Amino acid sequence: MKRLLYISANPKPEDLSSSKTVGRMLVNRMLARSQDLKLEEVDLYKDHIPQMKHTYFAGRSALVSDEAKKKLPAEEQSEVDRIKALCDQFVFADLYVLAAPMWSLSFPAPVKEYLDCVIQAGKTIEFDDNNKPHGILDDKPRSFVYVQSSGGNIPRLIRPALNKGVNYVHDIMRFIGIRIFEELLVDGTGTSEPERQEAIRKAAGRVDDVLNNVLP
């Protein structure tokens, strides 16, 4: 059975969040289409995501050894264990959905904190003999979908310049070895509920196209 990891990053309840509404819609359609998917979820505003401290590391992007961890205070040992658990969960997944709003041309801060937890030497990256990092998650087929909501309708010609959150997540996933990346944009949520519902409706119309590209 394959694992579907759904990562949500919005402090609003799901029914008030456009990105989480469409993200849930996408996840449910994935589960309906593929019977061999096991769903796992991480809510970056409810689940604990550690902030990185230098004491957690033995070297570049490498967490301390088990022996060194035992010398840390109990609270820091727990944080290291949590980072390892988040990273292992990410590594074991086959299909990923990240749902987040556009904030300040990017994404909410917990997204970056989460990515810092899962980019770990020996887990998602390795360093070659010249000390250059490269991704190692190309060991099996993996697909990633980024669902982003934004208040405005962003013209296609300037999306590369303004969608900095989408661009960053795309680049980091490609770097660690995930080759299939799809974006599902919920643009034009506006300032009224009718505008938001229309944006959700339009995004829902693109769900099947996304599924065709990420599911076998």
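Biologist: How close do the axes of α1 and α7 come, and at what angle do they cross?

Modeller: This is a predicted model. In it, the axes of helix α1 (residues 18-33) and helix α7 (residues 193-204) come within 10 Å and cross at roughly 30 degrees. That angle makes α1 roughly parallel to α7.

Biologist: Which hand does the crossing of α1 and α7 have?

Modeller: The crossing is right-handed.

Biologist: And which residues make the contact?

Modeller: On the α1 side, S18, T21, V22 and M25. On the α7 side, R196, I200, A203 and A204.

Biologist: Ok, the sheet now. What is the strand order?

Modeller: The order is β2-β1-β5-β8-β9, five strands in an open sheet with parallel pairing. β2 and β9 (180-186) are the edge strands, each pairing on one side only.

Biologist: How many degrees are neighbouring strands turned against each other?

Modeller: On average 15 degrees, direction ignored.

Biologist: Where does α1 sit relative to the sheet, and which strands does α1 touch?

Modeller: α1 packs on the sheet and touches β1, β2, β5, β8 (143-149) and β9. The direction of α1 makes about 165 degrees with that of β5.

Biologist: Take β1. Is that strand enclosed or open, and why?

Modeller: Strand β1 covers residues 2-8, and five of its seven residues are buried, so β1 is largely enclosed by the rest of the structure.

Biologist: How many bridges join β1 to β2?

Modeller: Seven, with β1 and β2 (residues 37-43) running parallel. As one example, L4 has L39 in β2 as its bridge partner. Between these two strands the chain passes through α1, and this β-α-β crossover is right-handed.

Biologist: What about β1 and β5, how many bridges there?

Modeller: Five, again in the parallel sense, with β5 covering residues 95-101. The bridge partner of L5 in β5 is Y96.

Biologist: Moving along to β8. How many of its residues are buried?

Modeller: Seven of the seven residues of β8 are buried, so the strand is largely enclosed by the rest of the structure.

Biologist: Which residues sit on which side of β8?

Modeller: S143, V145, V147 and S149 are on one side, and F144, Y146 and Q148 are on the other. All of them are buried, so both faces of β8 are covered.

Biologist: How many bridges does β8 share with β5, and how many with β9?

Modeller: β5 and β8 pair over seven bridges in the parallel sense. Seven bridges also join β8 to β9, and those two strands run parallel. For residue pairs, L98 has Y146 in β8 as its bridge partner, while F144 has F181 in β9.

Biologist: New topic, C87. Which helix is it in, and is it buried or exposed?

Modeller: C87 is in helix α3 (residues 74-92). C87 has a relative accessible area of 2%, so it counts as buried, the cut-off being under 20%.

Biologist: What does C87 touch?

Modeller: Leaving out residues up to four places away in sequence, C87 touches C117, V118, Q120, K123 and T124.

Biologist: How far is C87 from D208?

Modeller: C87 and D208 are 29 Å apart in space, C-alpha to C-alpha, and 121 residues apart in sequence.

Biologist: At what angle do α3 and α4 cross?

Modeller: At roughly 85 degrees, with the axes coming within 8 Å. The two helices are therefore roughly perpendicular to each other. I83, L86, C87 and F90 of α3 meet Y114, C117 and V118 of α4.

Biologist: Last one, the loops. Which loop holds S104, and what is its phi?

Modeller: S104 is in the loop between β5 and α4 (109-118). Its phi is near 50 degrees, a positive value in a residue other than glycine. S104 has 76% relative accessibility, so it counts as exposed.

Biologist: And N131, where is that?

Modeller: N131 lies in the loop between β6 (125-127) and β7 (133-135). Phi of N131 is near 65 degrees, also positive in a residue other than glycine. At 44% relative accessibility, N131 counts as partly exposed.

How values were computed:
Residues numbered from 1 in each chain as written. Predicted model: local features only at pLDDT ≥ 70, side-chain atom pairs only at ≥ 80, totals over all residues. Heavy atoms only, no water. Buried < 20%, exposed > 50% of the residue type's maximum accessible area, 1.4 Å probe, protein only. Helix = DSSP H or I, 4+ residues; strand = E, 2+ residues; numbered from the N terminus. Pairing = 2+ DSSP bridges. Right-handed = clockwise from strand over helix to strand, strands pointing away. Axes fitted to C-alpha atoms, helices over the stretch in contact; angles between N-to-C directions. Parallel < 35°, antiparallel > 145°, perpendicular 65-115°, else oblique. Left-handed = near helix turned anticlockwise from the far one by under 90°. Contact = heavy atoms within 4.5 Å.
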